Amino acid sequence: MTQYQSDMLRLLDERGYIHQMTDAEGLDALAAKQIVPGYIGFDATAPSLHIGSLVQIMMLRRLQQAGHKPIVLMGGGTTRIGDPTGRDESRKMLSDETIKANIASIFSIFQRFLTFGDGPTDAVMVDNQDWLGELGYIQLLQEVGTHFTINRMMTFDSVKLRLDREQPMTFLEFNYMILQGYDFRHLSREMGVRLQMGGSDQWGNIVNGMELGRRMDGAELYGLTTPLLTTAAGTKMGKTASGAVWLNPAQLSHFDYWQYWRNCDDRDVGKFLRLFTDLPLDEIARLEALEGAEINEAKKVLADAATALCRGEEAARTAAETAAQTFEKGQIGGDLPQVAAPAEGIGVLAALRELGFAASNKEARRKLEEGAVKLNGEVVRDPHLTILPADEAIPLSLGSKKHGLVIRA
């Protein structure tokens, strides 16, 4: 592990956040002598971010914990274009009203992780629509476009991937990297931002922004990326068979969020504790050294701590109690996800979909055929079954780890 003089880089390094830096020595020296404003950009394409964005959110939290200033950049402007990085197809256009509503909803997530205010190390949220929306296209091309070459832009993976697969990339999307570079330059000039952070797939975009600031303003800027985070099983962080693991409770229940962490691979416990909780490193070392059945206790600690950070202490407590009742005592936990059945009942396929146990009717049918679905403790195989509401909630389970309730509408 590298020996850094600044609290910021020491904290990021020992917790496992650092993959690449543009000038580690320069950034370390800067962070050791002054407050460094640093930012990360986030999409506004949905009302919630998911766990795939959690490393970046925690990076901003670490920045603040080390005495620096986190800036959350919402892409209200760039969301209208779409980042082609890692995408095989163009993004759907969203209305201005939808984007604004998404940003307002996403802000509630950041309030859990960061302290916002007017102080020197207080977090702030900004929207790039505020400056990108005012740029005239000719002005942008004259001032910024001359600093980007088509030759280099064609070498970026986000462009090459689409072209190699002979999938279309619109000229609108092709401009995304120019606008992201302009964001860094704007934040540098207007807010004194010196650092942009992001996932490893953003390295090229970050370097573009640094070079633009240097060429246009002579600014000394820095970039830092995190490793591409995958589970020990090799899957992308935050993706499950039932879909994304959303950070907002409106998109995913507290219980399901807690369960995601509780069900992680044994090999991921230590890494996840370092990245996604504030537990001391010596305690994490003790927990990740547990073996056999004892590692399950470490997973519960992870689930409690990660859920408390994102959803609050009460959410973590009730989710843990529900899990204990459901899995350890054989009772029906009160915080299980629910689906409402009207008087005429609800089809078992629809119930499985609405509970998030299956992404489609086809998947739900396959689970029924496998004998993995239980209604009130009895195996169900009939895809045409209608579940009629009762005075008491009816347990519906998929396998040993997914449990829900069918209630009267």
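Two strands are taken to pair if DSSP finds at least two bridges between them, and helices (H or I, at least four residues) and strands (E, at least two) are DSSP runs numbered from the N terminus. The structure is a predicted model, in which local features need pLDDT of at least 70 and side-chain atom pairs count only at pLDDT 80 or more, whereas totals for chains, interfaces and linings use all residues. Residues are numbered from 1 along each chain as its sequence is written, and side-chain values use heavy atoms, with hydrogens and water left out.

Six strands make up an open sheet with mixed pairing, in the order β1-β6-β5-β2-β3-β4. Its edge strands, each of which pairs on one side only, are β1 (20-21) and β4 (124-127). Strand β1 runs antiparallel to β6 (residues 222-226), to which it is joined by two bridges, and within this pairing Q20 has T225 of β6 as its bridge partner. Q20, which belongs to strand β1, counts as partly exposed because its relative accessibility is 26%, where buried means under 20% relative accessible area, exposed over 50% and partly exposed in between (1.4 Å probe, protein chains only). When residues up to four places away in sequence are not counted, Q20 touches S200, W203, G223, L224 and T225, contact being defined as heavy atoms within 4.5 Å. Of these residues, W203 is 183 residues from Q20 in sequence, with a C-alpha to C-alpha separation of 8.1 Å in space.

Helix α3 (residues 54-65) lies across β2 (37-42), β3 (69-74), β5 (195-199) and β6, at about 165° to β2, while helix α10 (residues 176-191) lies across β2, β3, β4, β5 and β6, at about 150° to β2. Within helix α3 is Q64, which counts as buried because its relative accessibility is 16%; leaving aside neighbours within four places in sequence, Q64 is in contact with P70, L114, T115, T121, D122 and A123.

A further helix pair is formed by α12 (residues 254-262) and α15 (residues 295-311), whose axes come within 8 Å and cross at roughly 140°. This angle makes α12 oblique to α15, since angles under 35 degrees count as roughly parallel, over 145 as roughly antiparallel, 65 to 115 as roughly perpendicular and the rest as oblique. On the α12 side, H254, Y257, W258, W261 and R262 meet residues of α15 that include N296, K299, L302, A306 and R311. W261 is also among the residues touched by F276, together with L54, V55, M58, L229, M237, A306 and L309, residues up to four places away in sequence not being counted. F276 is found in helix α13 (residues 269-276) and is buried, with a relative accessible area of 1%; F276 and V55 are 221 residues apart in sequence, yet 7.3 Å apart in space, C-alpha to C-alpha.

Further pairings involve strand β15 (residues 402-408), which pairs with β9 (residues 338-341) in the parallel sense over four bridges, Q338 standing opposite L405. Strand β14 (residues 394-398) pairs with β15 in the antiparallel sense over five bridges, and G404 in β15 is the bridge partner of L396. Together β14 and β15 form a hairpin with three residues between them, and G399 in the turn has a positive phi of about 65°.

Notes: Axes fitted to C-alpha atoms, helices over the stretch in contact; angles between N-to-C directions.
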